[in-house]
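Please consult the sequence and the structure alongside the text.

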Amino acid sequence: MPGLSLAVLPEIESLVTFRTRFAAALGLVGLLLTPYPATALTPEPSAFGAFLAGQQALEQLRTADTVKFFREAIGGNSKNPLVLQRAFVAFASNGDIDSSAAIARRLLAVDPRNQMARIVVGTEALKQRRYGVAIRLLGDLGSDSFEGITGAILKAWALVGGGKVDEAFALLDGLGEGGLEDFLLFHRSLMASVAGRTDFAIALSEEAYDLDPFSPDVVEAYTRSLGNAGRFDEALAAITTYEEQGLSHPLVDKVKADLLAERRPGPLAATVQEGAAAMFYAIGIAFARENSTDVAMVFLRLGQYLDRKDDLMSFGIGQLYDGAGQHAAANAVYDAIPATSPIKGMAIVRVAGNLDAIGDRPQAISRLNEIIASDPKDLDALSVLGDLFRSDKQYLAAADVYGKALAVTGGNAPGDWRFYYVRGIAYERGKQWPLAEKDFQRALELNPDQPQVLNYLGYSWVDQGLNLDAALTLIQKAVTASPKDGYIIDSLGWAYYRLGRFADAVTELEQAAILKPTDPEINDHLGDAYWKVGRKLEARFQWRVAIAVDEEGNVKERATPKLANGLDAIPVPEDSAPIVEAPAVN
């Protein structure tokens, strides 16, 4: 039984393919700030409540509330390092870097070792082109912590600003171990470009591209460098290679338009500030992937402070708010992105998704239809609209929208498996099995090892008594690919059940219930299997669990009669289609 899917909002996750190596290399976890002994640093009683409220607000990314609470908390604790530490993070997370830097300077007066505070104050100095001050502040952070490495790269950018490019490269050479080499190579290319070393910048960006030709930021930087040198055909060839993988990004599309018109697209980073902002964006997105959203927000805000024109930075901030359920704050960020920005289309799609999240699905669908009417090739809008229709049980409407998306992509790229998969789900739910089966098989032609597709097609065949041996093989292959996926293991158990292999079914369904103990379908299936092997007391227990955890009522309606009369008195349901989870578009 594949997992439950609501509307799947398209993400720009492909942007962080290159960047997550940075997070992995640094072992990023949690809010990495200097710890202080709580016993010695308890806030004053009058401010303690505000301090706790601010902490909770920060965890929830209610950043405006966070600032309000910490402004009150620091009123009576101007020299308490714990309060000051949290306060400057709070102001930074809300985008008030000037206030954050002011509080960070107060913290450094009582705790000069606080690395994060030095990064914030150093960023302020870099913004103001006081490069010597930034170099001094960031000079001895070390390289054995994430703060130290971040500060060292920021210092390298300050050295570039101070005309000391060779010193900057030497500093990066000292960091180029432990998995950071690709990330540092990318920044060397940007630094060389900002410093006017054009040929060297092209060579470095080409080297970065050869290592990762499918990361949008790398492709954008490389093709910009080629285009600025008038090498339009080479740049277009790199973009064609990128697009042939079924990949796209509006910033790459913008560069392509310039190249086709033989316009020089300009560098990815034209100034020291823009280059340092690109670093903060990369690190912020990496932290977001590690679910350290508080740290991610601080870094994205620092990047926004250095480069107000970077709409991708704003989009990332909006996504962090989305992830924390702060949909109104997210929409305010998306709405502020200029209408002329290449990112605006993605932002509008996210606004529509947020409208659905807060319960206004009709308005969300209306907004998406407006986008598609103005740009029928907007894949993000088509994907989200299809997912919303599917969540709204408008299955054939969803299938029609996914078909339009495939018409845009051509339907032959490796990444197109996802559209065939979700269209297959829509067809299957809409009682159009032959069309669904065809789409699932096409998805597997494009991605033969995709466990969700293997699972869905195999389960559907078993459920209809078709191709039983092949079906079981598909599900077993899916389990091998995702051995910890409780939904897929449930599918295997239920396949055994439908094939009359009840003892095998119990074994698999027990494992699925361990992995997903609160899923009503899995508990109901396990109850049925227990009944078939004569464990009737345990069967009734599982049905009770299924009824207790069922929030929608479908399983409760099915399990209640079994609890009263046993399984033998209940007919097998005609429609037992699996619940599914559809992955986001690449």
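In which hand, left or right, does helix 4 pass helix 5? The crossing of helix 4 over helix 5 is left-handed in this predicted model.

## Helix pairs

Helix 4 spans residues 81–93 and helix 5 spans residues 97–110; their axes come within 8 Å and cross at roughly 160°. An angle over 145° counts as roughly antiparallel, and helix 4 and helix 5 are therefore roughly antiparallel to each other. On the side of helix 4, the contact is made by P81, L84, Q85, A87, F88, F91 and A92. Helix 5 contributes I97, S99, S100, I103, A104, R106, L107 and V110. By class, this contact of helix 4 with helix 5 holds 11 nonpolar, three polar and one charged residues.

Helix 16 (residues 293–306) and helix 17 (residues 311–323) form a further pair, packing at an angle of about 155° with their axes 9 Å apart. That angle makes helix 16 roughly antiparallel to helix 17. Helix 16 passes helix 17 in a left-handed crossing. From helix 16, the residues T293, A296, M297, L300, R301, G303 and Q304 meet M313, S314, G316, I317, L320 and Y321 of helix 17. Seven nonpolar, five polar and one charged residues make up the contact of helix 16 with helix 17.

The axes of helix 9 (residues 165–173) and helix 10 (residues 181–194) come within 11 Å, and they cross at roughly 180°. A168, F169, L172 and D173 of helix 9 are in contact with L184, R188, M191 and A192 of helix 10. Sorted by class, the contact of helix 9 with helix 10 has six nonpolar, no polar and two charged residues.

| Helix pair | Axis separation | Crossing angle |
|---|---|---|
| Helix 4 and helix 5 | within 8 Å | roughly 160° |
| Helix 16 and helix 17 | 9 Å | about 155° |
| Helix 9 and helix 10 | within 11 Å | roughly 180° |

## A covered helix

Helix 25 comprises residues 451–464, 14 residues in total. From its first C-alpha to its last, helix 25 reaches 20 Å, close to the 20 Å expected at 1.5 Å a residue. Helix 25 is mostly covered, with 12 of its 14 residues buried. The buried residues are P451, Q452, V453, L454, N455, Y456, L457, G458, Y459, S460, W461 and V462. Which helices are included in what covers these buried residues of helix 25? Among the covering elements are helix 23 (417–429), helix 24 (433–446), helix 26 (468–481), helix 27 (486–498) and helix 29 (520–532).

## Individual residues

D416 lies in the loop between helix 22 and helix 23. Is D416 buried or exposed? The relative accessible area of D416 is 3%, and the cut-off for buried is under 20%, so D416 is buried. Leaving aside neighbours within four places in sequence, D416 is in contact with L406, T409, G410, G411 and L446. D416 and L247 are 169 residues apart in sequence, while their C-alpha atoms are 9.8 Å apart in space.

G323 belongs to helix 17. With 69% relative accessibility, G323 counts as exposed. The C-alpha atoms of G323 and A288 are separated by 9.5 Å, and the two residues are 35 residues apart along the chain.

Two lysines have backbone angles of note. Most residues other than glycine have a negative phi. K393, however, has a phi near 65°, a positive value. K393 is placed in the loop between helix 21 (379–391) and helix 22 (395–409), and at 62% relative accessibility K393 counts as exposed. For K431, phi is likewise positive, near 65°. K431 is found in the loop between helix 23 and helix 24, and its relative accessibility of 60% means that K431 counts as exposed.

## The protein as a whole

The secondary structure comes to 31 helices and zero strands. Of the 586 residues in the protein, 55% are buried. Among contacts with a separation of 6 or more, 59% are between residues 24 or more positions apart.

Terms used
Residues numbered from 1 in each chain as written. Predicted model: local features only at pLDDT ≥ 70, side-chain atom pairs only at ≥ 80, totals over all residues. Heavy atoms only, no water. Axes fitted to C-alpha atoms, helices over the stretch in contact; angles between N-to-C directions. Helix = DSSP H or I, 4+ residues; strand = E, 2+ residues; numbered from the N terminus. Parallel < 35°, antiparallel > 145°, perpendicular 65-115°, else oblique. Left-handed = near helix turned anticlockwise from the far one by under 90°. Contact = heavy atoms within 4.5 Å. Nonpolar A, V, L, I, M, F, W, Y, C, P; charged D, E, K, R; others polar. Expected span 1.5 Å × (residues − 1). Buried < 20%, exposed > 50% of the residue type's maximum accessible area, 1.4 Å probe, protein only.
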